[in-house]
Amino acid sequence: MEISLKTEIGGKSLGIQTGKVAKQASGSVVVQYGENIVLVTAVSSNEARPGMDFLPLTVEYQEKIYAAGRIPGNYFRREIGRPSEKETLTARLIDRPIRPLFPKNYSYETQVIATVLSMDQKNDPDTLAMIGASAALQISDIPFEGPIASVRVGRIDGKLKINPDIDEYEISDINIIVTGTKTGVVMVEGSGDIVSEMDLLEAIFYGHQEMQPIIDLQIELQESVRKPKRSFVPPERDENLAQRIENETAQHIHETILIADKVSRNAGFQLLKSELMEKLGEDFSERKGEVNEIIGDIKKRICRDLILKESRRIDNRKPDEIRPITCEVGLLPRPHGSALFTRGETQVLGVLTLGSGPDEQRVETLIGEESRPFMLHYNFPPYSVGEVKRMMGPSRRDIGHGGLSTRAIEKVLPSKEAFDYTIRLVSEVLESNGSSSMGTVCSASLALMDGGVPLKAPVSGIAMGLVKEGDQVVILSDILGDEDHMGDMDFKVAGTSEGITALQMDIKIHELSRDIIEKALEQARIGRLFILDKMMEALNEPRKEISPHAPKVITININPDKIREIIGPGGKIIRALQNETNTRIEVDDSGLVKIAAFSKKEGDDVMGRIKEIVAEPEVEAIYEGTVVKIMDFGAFVEILPGTDGLVHISQLANHHVKKVTDIVREGEKIKVKVLEVSRDGKIRLSRKAVLAEEGENGIEDQ
């Protein structure tokens, strides 16, 4: 049965349709907003995967280039298998809010696929994919505790707006995606142009209020479809075994939890598990996964009790206390800026490289090809957590953390007019025990200042946690990895001393109230400023000059008519200039020429040669030129690269000349004076005028 429902969001119609396409999926919807259309399907297998200790959920988001009416620009002329950065980031946006809404211990392979079928280039389809994921799961037989809805919130000229157009992003000082349920917020992701905590809080709950019709629409859709949910009964736990393990290990777990050093703490738990399995005997060797799960539950309960009842954390810190911080800059001699940021057992090396225009990243999107002058790449090698893993390309997590850090930093970068460089930052996570993404923000900010990039303001970041049991709530500053695992929230906030530039909030409980989010933002602000003060002790402002190893960017404006003379036939001249001077040259249609050189000498050399090429002949000026062509009526002389003029036979000497070759020959260098430059660019030259000025009296003819 085909069902189609509509509501209005942000002044535009949003429709959800089901029952027409992809009917073999467990749940399938088509979401339309303007001319944006996204198909979202949800499928869950009929057999559970044994031994799974996590939800086997995969989420895919696909942007088909045909959706924008274009053919892919790559060699294959089709979408290549590896997802783009935008597709990866959007898949994470969908995954994070829906994952906590599946039943605990649900071990059936589940896949959500969102495919952009049409894109009007006005609205970003990412929020439609998020809505579609919730709707597809809601109407399916898959157990899911939804619905949820997502909207983008912007602020233009001080006024909040739902789902602003893409071309409004540049003028919006807030750009966040808010996901929520009927009664609370479950996820926030986005950036602000150094925006206050209260302004962002207002934006978050404005978005929550405006998304309610989308939630109502999904409830109505589910009631219309009337598809029963499959029965799911979580596997029963062996309570006798659980009690035995509790008796054997509770005290030992409590003592081990309080070991401050992560490596020693993990080693303590490994020893505890080995000793327990030995005590249980061979009969339990097949039930190791069940034993580990019970130990994990005990560990989680004890950690949470420490915080809620004793106001103590794993490493004995208070809830709002920040770990010890050290910062160093200028560690690497050849890169153009570097910084090492260490916070507790999380350590990140930030490395800056400066380049020129050709170094910008070219990205094909549904909107078209984009050039990105700023890149931030996050790397998380296995040794950072003491593991052995195969080294592959960047994971979804790497791309996600890099995306968050990019949003945090790009708001404080100088304009292209003020600093005409391509900027690449690389974050190398050397140790990790919680919030390496915010460590990346801190190290990146310091590396930029070390490299002499004139930032508007330095940026720091902090990750906040939460433990909530009933009405009892404790918010944690600067969380450890274990606190992230056993807690109810991971709330990352980055910003300057004046306001927020980026934030990302995920929760493991169903929703958060305004009061909790407000308190978390304020506690994050205090912690962020504390971290910023520590950073400023290492370097409190950008260096006055960039690294001597960085390219020097020189610009010159030329007559646009002269561009072809710099380029040359088939790019011959510009390639020769670059190869001979070891520089990079960009020529804009407006006549702006940018030169990137690795030394002042190389820059001056190529600048001089370009000036020669584009120089305009001046009337009355004398040039030494080369005879390039002989005609019966005179000789053509090249006085500037690519510029020649005619010396009429009557202007070759102070006497009558019968034959041009009696005076000059091709290839000969002679001095000539510019008599006239006509409107159409023709140049009239005279050798006779030069001879007269130099006192020649025609002896050559005698």
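**A chat about the model**

Author: Let's begin with Pro 143, which is buried, with a relative accessible area of 10%. Keep in mind that this is a predicted model.

Reader: Okay, and where is the place of Pro 143?

Author: Pro 143 sits in the loop between helix H2 (126–139) and strand E7 (149–156).

Reader: Which residues does Pro 143 touch?

Author: Leaving out residues up to four places away in sequence, Pro 143 touches Phe 102, Pro 103, Tyr 106, Lys 229, Arg 230 and Phe 232.

Reader: And how many Å apart in space are Pro 143 and Asp 450?

Author: From C-alpha to C-alpha, they are 52 Å apart in space, and 307 residues apart in sequence.

Reader: Which residues of H14 are buried?

Author: The buried residues of H14 are Gly 603, Val 606, Met 607, Ile 610, Ile 613 and Val 614. They cover an arc of only 120° around the axis, so they are on the same side of H14.

Reader: What covers the buried residues of H14?

Author: The cover includes strands E22 (552–557), E23 (583–587) and E24 (592–597), along with helices H12 (563–567) and H13 (572–581).

Reader: Can we talk about charges? How many salt bridges does the structure hold?

Author: The structure holds 52 salt bridges. As background, side chains of opposite charge can pair when their charged atoms come close.

Reader: Show me some! Which residue does Arg 99 form a salt bridge with?

Author: Arg 99 pairs with Asp 95, and the closest N and O atoms are 2.8 Å apart. Asp 95 is buried, with a relative accessible area of 12%. Arg 99 counts as partly exposed, at 30% relative accessibility.

Reader: And what about Arg 237, which residue is in a salt bridge with that one?

Author: That's Glu 239, with the closest N and O atoms 4.0 Å apart. Arg 237 is partly exposed, with a relative accessible area of 39%, while Glu 239 counts as exposed at 51% relative accessibility.

Reader: Why does Glu 239 count as exposed?

Author: Because exposed means over 50% relative accessible area, and Glu 239 is at 51%.

Reader: Nice. Then Glu 565 and Lys 562: buried or exposed?

Author: Both Glu 565 and Lys 562 are buried. Their side chains meet in a salt bridge (3.4 Å, N to O). Elsewhere, salt bridges that share partners join Arg 313, Asp 315, Arg 317, Arg 323, Arg 343, Asp 478 and Glu 483 into one network.

Reader: Last one: which residues form a nonpolar patch on the surface?

Author: Tyr 75, Phe 76 and Ile 80 do, with about 440 Å² of accessible area together. Ile 80 lies in the loop between strand E5 (57–63) and helix H1 (85–98).

Note on methods:
Residues numbered from 1 in each chain as written. Predicted model: local features only at pLDDT ≥ 70, side-chain atom pairs only at ≥ 80, totals over all residues. Heavy atoms only, no water. Buried < 20%, exposed > 50% of the residue type's maximum accessible area, 1.4 Å probe, protein only. Helix = DSSP H or I, 4+ residues; strand = E, 2+ residues; numbered from the N terminus. Arc of directions from axis to C-beta. Contact = heavy atoms within 4.5 Å. Patch = residues over 30% accessible without salt bridge, like charges linked within 9 Å, V, L, I, M, F, W, Y side chains within 5 Å. Areas by Shrake-Rupley, 256 points an atom, 1.4 Å probe, with all protein chains shown as cover.
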